Each structure stands twice: as structure tokens, then as C-alpha cells.
Amino acid sequence: MKQRICLLGLSHRTAGIEVRERFALADPHPREQGLITGHSPVREALVLSTCNRVEIVAAGRTDKDLSPLIRDYWVRLCGAQPDELIPYTYEHHDLEAVAHLFSVASSLDSMILGEPQILGQLKQSYRRSVEQGTAGVVLNRLLHKAFSVAKRVRTETRVASNAVSISFAAVELAKRIFGNLENQTAMLVGAGEMAELAATHLLSAGVKRMLIANRTHSRGCELAERIRGQAVPFSELFQHMAEADIIISSTGATQTVIRKRDIQGIMKKRRGRSMFFIDIAVPRDVDPDVNALDNVFLYDIDDLKEVVEENLSQRKSEANKARVIVAEETDKFAAWMRSLDLKPTILDLLSKGENLGRKELKKTLRRLGPKAEDPEVAQALEVLVFSLAHKLYHQPLDFLKRRAQEEDAGPRYIDITRRMFNLDNDPPTPDAHPERKTPGCRGRKPS
Amino acid sequence: MNWTEWMELFVLALYFCGAVLHIASVLVRKPAIQQTGRILIIIGFGLHSLDIVMTMIGVGSQIFGQGPFYFSLLAWTLIIVYLVLSWHLRMHFLGLTATPMALIIFSFATTLNTVEVTLPRSLLGLWFGLHIGSLFLSICLLAMAASSGAVYLFLENKIKGKSKITGLSRDLPSLALFDKVNAWAVNIGFPLFTIGLLSGFLWAHLTWERFFSWDPKELAAIIVWLLFALLFHQRLVNGWRGRKPAKLAIWIFGLSLVSMLGINFFLETHHSFQP
């Protein structure tokens with residue numbers, strides 16, 4: 001019997017929003033809902049359900065395919081027939097499933113490449129399956145690896161850097177001009193939806209003060225209350241504009257609202273301090289000539305769109321680098337999976353003992369000096385060292401062999417042994433393994 | 001070679017490695033490399049300070065008649081100005097220009113061993129120290145303002161022209177920070193330059209009994225001072241920021257460079273390094 005991993009899922013790539021809604025799993029519990037039972041070969045399971053994807057990962061030692069079991073569980077929960085689900089799903093087995101999960105965690109499969117939410121959602125799903133006791137040796141290792149792959153992708157590639165939305169691009173440009181936004185004042189001219197979004201981004205980037213000038217004053221006051229800004233009368237627009245460093249304009253006016261000579265006067269009042277105009281209105285509110293003034297910067301919606309497109313294409317080229325990382329890590333995981341069989345572990349353990357013995361033997365022979373030249377002494381020592389190594393490991397190996405006969409316990413004990421003797425040469429990890437927090441065999445239920 | 005020469009070579013090597021690491025960190029975009037570079041520069045700076053003090057003690061007052069000493073002092077001033085500015089403004093970018101510049105100046109100090117001038121005894125006065133110290137400081141500040149001004153112009157052009165900000169320029173600090181370097185250089189550099197100039201004239205009066213001798217270097221200094229005064233005035237009174245002060249700072253620094261290298265080496269002047 002072989003250790004298998006199977007992943008069944010649907011995502012924004014394969015299914016429309018209605019289908020995703022229909023097959024979303026709000027409160028999954030694979031153990032109580034009958035995916036993991038005493039008779040089922042599925043021993044571990046994790047359910048990830050977000051607005052863009054639903055995926056179920058299952059692991060177990062079996063010769064059979066796990067996917068029909070997962071599919072039955074899924075459609076049963078949603079009250080549907082398998083035929084309704086099949087056209088929208090994809091299926092990955094073993095290493096393919098591992099690679100897919102690594103890509104999902106690194107946000108390479110997301111609708112917006114590199115967006116950070118998916119990792120948090122995956123962590124949440126994993127936490128739930130740890131709490132429900134449905135994550136065992138394989139899924140623990142798999143998810144921990146997925147999180148570290150995501151981290152590696154984030155630090156080693158630029159897949160997640162650079163804004164890919166209009167308002168984030170505006171905030172990034174503002175930072176390029178002003179540096180820290182903590183002492184800056186921003187002003188909204190017109191209180192549209194787009195302006196509000198940009199305002200929230202600016203506020204979360206640390207902007208100190210937010211002024212709102214809207215033609216309908218009451219609407220301006222409403223928005224001011226919502227985002228904790230300060231509404232000013234539209235008639236006093238230019239008096240207050242002198243206080244603002246960043247101006248987001250989005251009025252529905254058909255003619256230019258902010259002209260060059262208005263700004264010339266304001267710049268005098270501001271003693272040359274920089275101003276950044278973000279004109280997201282169509283038709284435009286700000287006279288394009290404003291950009292020609294010293295220390296005044298103007299970006300309209302098309303300029304920002306170009307920045308966003310440029311950033312997106314950069315993310316795409318970075319994604320190729322990220323895929324190389326995913327492939328590397330999948331190979332490493334494959335090696336670990338193979339080691340879960342009993343035989344390699346026995347060999348590793350014995351050779352570790354023999355290596356240690358050989359090293360100590362060398363040291364001792366050196367210390368003995370001329371006495372070691374006697375072949376009998378050397379041979380006696382060698383016999384002593386190796387038989388000690390073999391005898392020390394005899395009982396642990398015997399124990400492992402017996403446990404390996406039991407269906408689920410085998411991989412678990414093998415994994416523990418490998419970690420205990422550090423057979424994989426892993427660096428010591430400071431973060432506590434979730435298994436350690438709650439004692440007991442959680443991968444198993446008495447049958 | 002005596003031990004001071006060995007020490008100077010060692011300082012030179014440290015500055016060289018520091019400068020290379022500063023440049024490399026920008027090229028491969030790894031800030032950690034710059035950190036190492038800065039540590040090397042700081043160690044080099046410590047040894048350099050020791051070298052200057054030891055030479056002053058060892059050689060005595062004659063040191064002020066030796067051209068290389070001034071190069072060494074100028075490199076030392078540049079490093080300290082860079083360290084203070086980068087620490088104060090959290091702007092390590094300046095190292096990219098300051099460290100290679102200091103390296104070049106210091107390498108002059110170690111190679112130009114032949115130049116020696118005998119100076120009047122009255123050189124050792126307070127005025128002379130003030131003259132050299134304040135002028136060197138203000139020129140080093142100008143160097144920082146000019147290099148950050150050049151980058152400011154480059155980056156501003158990109159933002160205004162809406163061209164893609166890719167590659168190396170992505171790692172640049174904000175425009176506001178570059179302008180801050182200019183503000184520092186002007187607000188501190190100009191008063192220092194004025195003090196340097198006045199103390200020089202005063203010292204000339206005490207030594208040669210005349211304030212002004214139509215020396216080419218003195219003329220150049222007056223022109224630089226006038227431009228510097230213009231920049232100081234416009235920044236302080238008319239609120240100049242960004243492009244214009246950046247450009248003017250580059251001009252002023254260029255002119256003082258010409259006056260320092262060109263005039264000192266090639267023209268007849270009592271500031272000459274020629275024997």
C-alpha cells in the first residue's frame with residue numbers, strides 16, 4: 001500500500017461565480033461528516049473554501065484512488081449529484097497535488113497574481129483541521145512546507161510587489177514623492193466611490209488628515225464621517241487646497257475644475273512644497289498643464305492604468321521564477337514522502353549509527369597511538385563499535401517494524417523516528433509543531 | 001615604508017572595499033551588502049582619524065605645508081559628512097557617491113608624495129584652521145547636495161514624464177528625502193562657507209597685510225559664494241524646492257571642483273599645490 005495524496009477542487013479558472021457559490025463549503029468537518037471513518041482509506045483531510053476556490057486535500061495509505069470518496073463527500077454536503085460537480089473540478093494526485101498546493105499558497109494560482117489573502121485563508125483552514133484532528137503526519141508536513149514555500153516566493157521573487165490596483169498605484173506614487181505619508185494631508189474633490197476607495201488606501205498608508213470637498217455638501221459630510229475626515233464647503237475649495245499635499249479629484253463636472261493658474265497661486269502660498277494630483281474623473285477635472293508646474297505632479301486615470309499594467313506584467317514574469325521554487329520544493333517533498341516507507345528509514349538509521357561509530361573509532365585509534373598499530377586491537381575495537389551501534393538500534397527498529405504493520409501508525413512512527421534522530425538533516429525549527437501542542441494520536445480513530 | 005604609510009594603505013584598502021560594496025549593493029539590489037560596506041568605511045574612518053592625529057603629532061607644524069595632508073583631510077571630512085547625513089536622514093544612498101569620491105581623494109593623498117610647499121609661520125593660527133575646516137565641511141556638504149540633486153532630477157523627470165520606474169530606480173528613496181539633503185547642505189553649508197571665506201581674508205590680512213590679492217582662487221571663491229548666497233536666499237525666503245535648488249547646487253559644486261582642482265594645479269596662485 002502506498003501513501004497517497006489527492007486534491008480535488010474548483011476555482012475561478014474552472015467555474016463561474018454561481019457554481020463556486022453552490023459548491024462552497026462553509027463549515028466543513030471531514031471527520032464528523034463522514035469523509036474520515038474507520039472504513040475509509042482517507043486518514044487526513046483539509047478543506048479550503050474561499051470565494052475564488054474550493055479545494056479538498058486528502059491523504060491516506062491505500063492502493064485505490066481517493067478522488068471518488070472526496071467527490072461523494074463534497075456533493076453530499078452540497079446536496080447535489082456528482083454529475084453536477086464533475087465538469088467544473090480538477091483532480092491532482094500525489095506530487096501534482098503537492099505542487100498545486102504550493103502554487104496556491106504562493107498565490108500563483110490566484111485571480112490577482114501575488115495577492116496576499118490566500119495564504120491567510122489557507123492558514124485558517126489548516127488551523128481548523130488541526131483543531132478537528134484531521135491533519136496528520138502528511139498534511140502537517142505538507143502545509144508547513146506550503147507556508148514556507150509561500151514565504152520563500154515572497155522574499156525571493158517580486159511576485160507580490162508593486163501595486164496592481166489604481167488606488168494602490170496612486171499611493172505608491174505618493175510615497176515616491178513624499179516618502180513617509182504620516183505628515184501629509186490629502187483632499188478629496190468629489191465624493192465618489194472610487195475616491196472613497198483611494199482615500200481608505202491613503203489613510204491606511206498613514207495620511208494624517210483628510211479633507212473632503214463635495215458639491216453637495218451633505219454628501220461630503222456623510223463621507224467625512226465614514227472615513228473620519230473633515231468636510232469643507234466646495235466654494236472654499238482653493239483656500240483649503242493650499243493645506244493639501246495629495247489631491248484626489250473625481251467630480252462629475254464636464255469642464256475643468258482645477259486650472260493651472262489656480263495652482264500657481266496655491267504653490268506660492270505653499271512655498272513650493274510638492275503637490276500630487278490624482279485625477280480619476282472622466283472627463284478630466286485637472287488641467288493637464290498643471291503637471292508642467294515646478295513641484296506639481298499630475299496623474300490621470302490613464303497614466304495610473306499604465307502603471308498598473310506595467311506592474312502586472314512584471315508580476316507575471318516574476319511568477320516564472322516562483323514556479324521554479326515550487327518545483328524545487330516539490331522535489332524535496334517527494335524525497336520526504338519516499339522516506340515514509342520503512343526500508344529507507346531502517347537503512348538511514350543503521351548507516352547513521354555506523355557513521356558515528358566509524359568517526360569515534362578513528363578518534364580513538366589516533367589517541368591510542370602506537371598501540372593501535374596492533375591489528376588485533378584495531379579489529380577488536382571495530383567489532384565493538386559496530387556491534388554496539390547495531391544493538392543500540394535493534395530495539396527501536398524492531399518496534400518500528402511492528403508498528404508498521406498497523407495501518408495508520410506506521411508513517412507516524414517513522415516520521416517521529418526520522419525527526420528524533422534527525423535523519424533528514426533538517427535545521428532545528430523554533431516554532432512548535434502543532435502535533436506537539438495536543439498530545440495523543442490524532443491521525444487515528446479506534447476502529 | 002614606515003608604519004603610517006602601511007596604515008594609509010590599509011585605510012585605502014578599506015575605503016576601496018567599502019566603495020565597491022556600496023556600488024555592488026545597488027547593482028544586485030541587496031541592502032545587506034551595503035551594511036557591510038558601511039562597517040568597513042567606519043573602520044577605515046577610525047583608522048584614518050588615528051592616522052591624521054599621528055601624522056600631526058609626528059610631523060608637527062610642517063604638515064600644513066604638505067599638499068597630500070589636505071587631500072587626506074578632505075577625504076576624512078567627506079566621510080564624516082556622509083556618515084552624519086546618512087545617519088540623520090536614514091539615507092544610505094549617499095554612500096554611493098560619497099565613498100568612491102572619498103576613495104579617489106584619499107588615493108591622491110597617498111600618491112602625491114612629492115608636493116611640498118613652505119608656508120609662512122603665521123599659518124598656524126586659529127584663522128587658518130577655521131578657514132580650512134569650515135570650507136572643507138561646506139564643500140563636502142555641497143558634494144552631497146550635488147549628487148542627491150542629480151538623482152533628484154533623474155527621478156523627478158521619470159515621475160513627471162510618467163515613464164516606467166523600473167530596475168535600479170525602483171529602490172531610490174523619495175523625492176522629498178533628496179530635497180532634504182539639499183536643504184541641509186544649504187542651511188549649514190552656506191554659513192560655513194561664509195565663515196571659511198571671511199576667516200581666509202582675515203588670515204590673509206594678518207599674514208600678507210592685505211585682504212584681497214586678486215588671486216584666481218579668491219575670485220572663484222567669491223563667485224561660488226555669490227551663487228551659494230543666491231541659493232540660500234531663494235530656499236529660505238522664496239521657498240525654492242526640488243528642481244531649481246538641485247540644479248543650482250550641481251552648478252555650485254561643479255564650480256568649486258573646478259576652482260579646487262583646476263586652479264590649484266594649473267594656475268599661478270598662493271593656494272597652489274605645486275612646489
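## Helix 1 of chain B

In this predicted model, helix 2 (31-59) and helix 4 (95-111) of chain B are among the elements that cover the buried residues of helix 1 of chain B. Those buried residues are B:E8, B:V11, B:L14, B:Y15, B:G18, B:A19, B:L21, B:H22 and B:S25.

Helix 1 of chain B runs over residues 3-27, 25 residues in total. From its first C-alpha to its last it reaches 36 Å, close to the 36 Å expected at 1.5 Å a residue. Just after this helix, B:R29 adopts a positive phi of about 55°.

## Overall make-up of chain A

Chain A contains 16 helices and 10 strands. Of its 447 residues, 39% count as buried. Among contacts in chain A with a separation of 6 or more, 71% join residues 24 or more positions apart.

## Helix 5 of chain A

Helix 5 of chain A comprises 15 residues, 117-131. Its end C-alpha atoms are 21 Å apart, in agreement with the 21 Å that the helix should span at 1.5 Å a residue. Just after helix 5 of chain A, A:G133 has a positive phi of about 70°.

The buried residues of helix 5 of chain A are A:I118, A:L119, A:L122, A:S125, A:Y126, A:S129 and A:V130. Viewed down the helix axis, these buried residues fall within an arc of 140°, so they line one face of the helix. An α-helix has 3.6 residues a turn, so residues three or four places apart point the same way. On the face of helix 5 of chain A turned away from its buried side lie the exposed residues A:G120 and A:Q124.

## Contact between chains A and B

The contact between the chains draws 15 residues from chain A and 15 residues from chain B. On the side of chain A that touches chain B, helix 7 (166-178) and helix 12 (301-339) of chain A each supply at least two residues. Helix 7 of chain A provides the largest share of this side, with 4 residues.

By class, the side of chain A that touches chain B consists of 7 charged, 5 polar and 3 nonpolar residues.

How values were computed: Residues numbered from 1 in each chain as written. Chains lettered and ligands numbered in written order. Predicted model: local features only at pLDDT ≥ 70, side-chain atom pairs only at ≥ 80, totals over all residues. Contact = placed C-beta atoms within 7 Å. Nonpolar A, V, L, I, M, F, W, Y, C, P; charged D, E, K, R; others polar. Expected span 1.5 Å × (residues − 1). Buried ≥ 20, exposed ≤ 12 C-beta atoms within 10 Å, placed from the backbone. Arc of directions from axis to C-beta.
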